[in-house]
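Please look over the model below.

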Amino acid sequence: MERSTIFSGFGGQGLLFAGTVLARAAMAEGKEVLWIPSYGPEMRGGTAYCTVIVGSEPIGSPIVDRADAAVVLNPPSLARFEGIVAPGGLLVVNTSLIEAEVSRTDLDVVAIPCTDLAKEAGDDRLVSVVALGALIARRPFVSPLNVRDALAAIVSAKRPEILAADLAAFEAGYRVASEGAARPVELDGAAAEPSAEAVEVG
């Protein structure tokens, strides 16, 4: 088993943090992990991203041509990474900032207002933590409990006063993605069984 996830959005939306939490949770389960951040001028207000690869065997390459999942938190991220997700893969879309529709019909799409849900949880900067909750709800290749434990360990070490908001943000994303309605995903021109789902929460 090997799963690759791309987190993408504006610098400052906590993308590298979300990737770190996912990587640490996977390591706690004894899985092989690669965490690959992007650095450069795009970190200063443009689109930044990181890739997390989780495997049950040693990971042969850090190069991801087809991702199993992508979290896109701003419009440029949707434009850049929608096409990279493998057919049948997961796309988490932050509708607080992205108004464009997903053009592909062969993906499991979770369209939720991540920024708004983060604000309700206590801090709108926790947008990536909301998206991480949605990701794990729909692709539990890492245990939600281990993600919560990783979140608690990382946040408590530096800013324990915001741990409650982080956990609430994760729970909000997990909850709304779990409550979504099913939509058939079209593969090779035909509608598949509704095992993959689309969620939209306004």
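In α1, F17, T20, V21, R24 and A25 meet N146, V147, A150, L151, A153, I154 and V155 of α5 (contact: heavy atoms within 4.5 Å). By class, this contact has 9 nonpolar, 2 polar and 1 charged residues. Nonpolar covers Ala, Val, Leu, Ile, Met, Phe, Trp, Tyr, Cys and Pro; charged covers Asp, Glu, Lys and Arg; the others, Gly among them, are polar.

The model is predicted: local features need pLDDT of at least 70, side-chain atom pairs count only at pLDDT 80 or more, and totals for chains, interfaces and linings use all residues. Residues are numbered from 1 along each chain as its sequence is written, and side-chain values use heavy atoms, without hydrogens and water.

Helix α1 spans residues 15-28 and helix α5 residues 144-158; their axes come within 8 Å and cross at roughly 120°. That makes α1 oblique to α5.

The largest pocket holds about 320 Å³ of space. A pocket is an open set of points on a 1 Å grid where a 1.4 Å probe fits, with protein on both sides within 12 Å along at least five of seven lines; lining residues have an atom within 4 Å of a point. Its lining has 14 residues, with F17, L126, R159, I162 and D166 nearest the centre. α5 gives the largest share, 3 residues. α4 (127-138) and α5 each supply at least two.

The lining of the largest pocket divides by class as follows.

| Class | Lining residues |
|---|---|
| Nonpolar | 6 residues |
| Polar | 3 residues |

Note on methods
Axes fitted to C-alpha atoms, helices over the stretch in contact; angles between N-to-C directions. Helix = DSSP H or I, 4+ residues; strand = E, 2+ residues; numbered from the N terminus. Parallel < 35°, antiparallel > 145°, perpendicular 65-115°, else oblique. Points joined across faces, edges and corners; volume = space filled by probe spheres on them.
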